[in-house]
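Here is a friendly briefing to read alongside your viewer.

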Amino acid sequence: MTFYPTDRLALFIDGANLYSAAKGLGFDIDYRKLLEEFRKRGVLVRAYYYTALVENEEYSPIRPLVDWLDYNGYRLVTKAAREYTDREGRKRWRGDMDVEIAVDMMEMAAAGADHMVLFSGDGDFRALVEAVQRKGARVTVVSTVKSQPPMASDDLRRQADSFVDLADLADIIGRPSRLPRLLQEAKAAERERALDEDAEA
């Protein structure tokens, strides 16, 4: 990632998209570490986190995270998720935050942000990234092509000034594994083998 110490940075985290990407890679995000990492890389102006919330539920698994983020340096942007029924008759929830992300990115570009980091692989953001670049800001996209299926759209990756695979940030912004030590060591050995194979290729 190319950052300059004087860069005015803004982070835009598509919560559902980032969660799916990290889950696909088998780790959890430590949002405190994420914020600290980007504070080291420039002047962090704002860190937005976007998520839809299911209203009228007694307990929502995302509520503790949302509350923590709200008190710890993130600007929360939420809206009510809409209920729908899928083909199999199961109750599902939908909460697209694309418009909110687009509005905030355009406003930050107009306010003079130098570098924006978009945590999403959604190809719908390609035109947004292009518009922000026309206003003079650089855009880094953080997602992954190492999950099955890949989470990052090829069009979005091409449009971005740089692309960072979330897998490469796992050791920096990942939470310590809760797996038993034996499994952790096995996973570490597997990662080392994969790196050795990549180096030989």
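**An aspartate at a helix start**

In this predicted model, the side chain of Asp-30 reaches the backbone nitrogen of Arg-32 at 3.0 Å. That contact sits at the start of α2, where the atom of Asp-30 involved is a side-chain oxygen. The points below begin with this residue, then move on to the helix, the nonpolar cores and a glutamine in a loop.

**More on Asp-30**

- You will find Asp-30 in the loop between α1 and α2.
- Asp-30 is buried, yet it has no salt bridge.
- The nearest side chain of opposite charge belongs to Lys-33, 4.4 Å away; a salt bridge would need a side-chain nitrogen within 4 Å of a carboxyl oxygen.
- Setting aside residues up to four places away in sequence, Asp-30 touches Ile-173, Gly-174 and Arg-175.

**Helix α2 and its buried side**

- Tyr-31, Leu-34, Leu-35, Glu-37 and Phe-38 are buried in α2.
- These residues lie on the same side of α2 because they cover an arc of only 160 degrees around the axis.
- The elements covering the buried residues of α2 include β1, α1, β2, α3, β6 and α7.

**The nonpolar cores**

- As general background, nonpolar side chains in soluble globular proteins tend to be buried together.
- Here, the largest nonpolar core has 27 residues, and those with the most contacts inside it are Leu-11, Ile-29, Leu-34, Tyr-74, Phe-119 and Leu-166.
- At least two residues of this core come from each of β1 (8–14), α1 (15–25), α2 (31–40), β2 (43–53), α3 (63–71), β6 (115–119) and α7 (166–173).
- The largest share of this core is supplied by α2, with 4 residues.

**Gln-148 in a loop**

- Gln-148 is found in the loop between β7 (138–143) and α6 (154–159).
- Gln-148 counts as exposed because its relative accessibility is 75%, and the cut-off for exposed is over 50%.
- The C-alpha atoms of Gln-148 and Gly-24 are separated by 6.9 Å, although these residues are 124 residues apart along the chain.

Key
Residues are numbered from 1 along each chain as its sequence is written. This is a predicted model: local features need pLDDT of at least 70, side-chain atom pairs count only at pLDDT 80 or more; totals for chains, interfaces and linings use all residues. Side-chain values use heavy atoms; hydrogens and water are left out. A nonpolar core is a set of buried Ala, Val, Leu, Ile, Met, Phe, Trp, Tyr and Cys residues joined through side-chain atoms within 4.5 Å. Buried means under 20% relative accessible area, exposed over 50%, partly exposed in between (1.4 Å probe, protein chains only). Lys and Arg count as positive and Asp and Glu as negative; His and the chain ends are not counted. A polar contact is a pair of N or O atoms within 3.5 Å; within protein, one must be able to donate a hydrogen and the other to accept it, and residues adjacent in sequence count only if both atoms are side-chain atoms. Contact means heavy atoms within 4.5 Å. The arc is that of the directions from the helix axis to the C-beta atoms.
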